[in-house]
Amino acid sequence: LQVDFMVITSGHYLSRSAARYPEMMKRLWLTAVSVDGTTGQHNAMRQGTDLKRIRSELAGFNRFRSGDVLIWSTLRPEMSLADCFASYCYFLDRGEAEHFFWHWDEAEGVVDDLDRYRSAYRADLEAILGEYLARLRHGELLSILHVNELLLFLLTGRQRGTTACAVEEMANFDIDGDGRVHACADLPETMDIGRIEADGQVRFRKDAKRRLERLVEYKHSLDCRTCGVEPYCGGRCPVQIHLGGIERAKQYCLLMRDHVKSVKEIAPEVVDAMLANGQSLQSLYASARLAKY
């Protein structure tokens, strides 16, 4: 049985891990490094970490690795998405990372100035998409996971049919340190759906399926069925609902509509550039498939 390992890390201890576990580190399929922008923004948002050290660690890891590196940003209202993208480009242009992904934070309460946040997000996203197109016209397809995933949805007419993580399908699980099984490790501990017993067998709760169904009952309150971007979105993240609250989730619904609209507007130009380069939808899929992880 071939097992592929993915690690999500601050990036501070890559060299130490490589020295201690060289064979495992060489075999890592994907290393996702949390980077929230260039030095000023990252160090302010990710207190306790230092971008200078992360750059040094990734430069060393780059001489060692065989798998891919993903730059992962958690976008908060006071942050600049463009700054996160600039940090990704720093690593990309040095051959130290391949992929980029960002997501909105699952914080409590509401975004105080949503109009400002939406305006700033749209401006940053449109600038990023401009760079995406410019590079594509020169034959380079940026691996921005969820942009490429959305383009596939738009170009094929596919519908997701579940939340993005498909928690309601009992198909993906996280296991915490004491053996409890969760639909997602970021959900409250009381929402576990089973346990790994001493004999190694998974014992699901009798009400596990019902617990998972309750996780996504919020879709009725958000009225997801009537939303034009639901075929792609699949409903907001359950973690956001159960930890951050439904009001912030409604704000993120508006941001998601902005996001889809901006990407949809460039789709015809993406198709033209890909055809000119002799690229197929498979080129998008090679990147987009990583979004599920």
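Please keep in mind that the model is predicted.

I shall begin with helix H7, which runs over residues 145–156. Does its length fit its number of residues, or what span should we expect? At 1.5 Å a residue, its 12 residues should span 16 Å, and the end C-alpha atoms lie 17 Å apart, which agrees. How many residues of H7 are buried? The count is 9 of 12, so that the helix is mostly covered. Among the buried residues are Leu145, His146, Val147 and Phe153. Just after H7, Gly157 adopts a positive phi of about 75°.

Let us turn to helix H13, residues 281–288. Which of its residues are buried? They are Leu284, Ser287 and Ala288. These residues lie on the same side of H13, because they cover an arc of only 95° around the axis. As a general point, an α-helix has 3.6 residues a turn, so residues three or four places apart point the same way. The elements that cover the buried residues of H13 include helix H6, strand E5, H7 and helix H12.

Finally, I come to the nonpolar cores. The largest has 58 residues, and Trp102 and Ile144 are among those with the most contacts inside it. Helix H12 supplies the largest share of this core, namely 10 residues.

Note on methods
Residues are numbered from 1 along each chain as its sequence is written. This is a predicted model: local features need pLDDT of at least 70, side-chain atom pairs count only at pLDDT 80 or more; totals for chains, interfaces and linings use all residues. Side-chain values use heavy atoms; hydrogens and water are left out. Helices (H or I, at least four residues) and strands (E, at least two) are DSSP runs, numbered from the N terminus. The expected span of a helix is 1.5 Å times one less than its number of residues. Buried means under 20% relative accessible area, exposed over 50%, partly exposed in between (1.4 Å probe, protein chains only). The arc is that of the directions from the helix axis to the C-beta atoms. Contact means heavy atoms within 4.5 Å. A nonpolar core is a set of buried Ala, Val, Leu, Ile, Met, Phe, Trp, Tyr and Cys residues joined through side-chain atoms within 4.5 Å.
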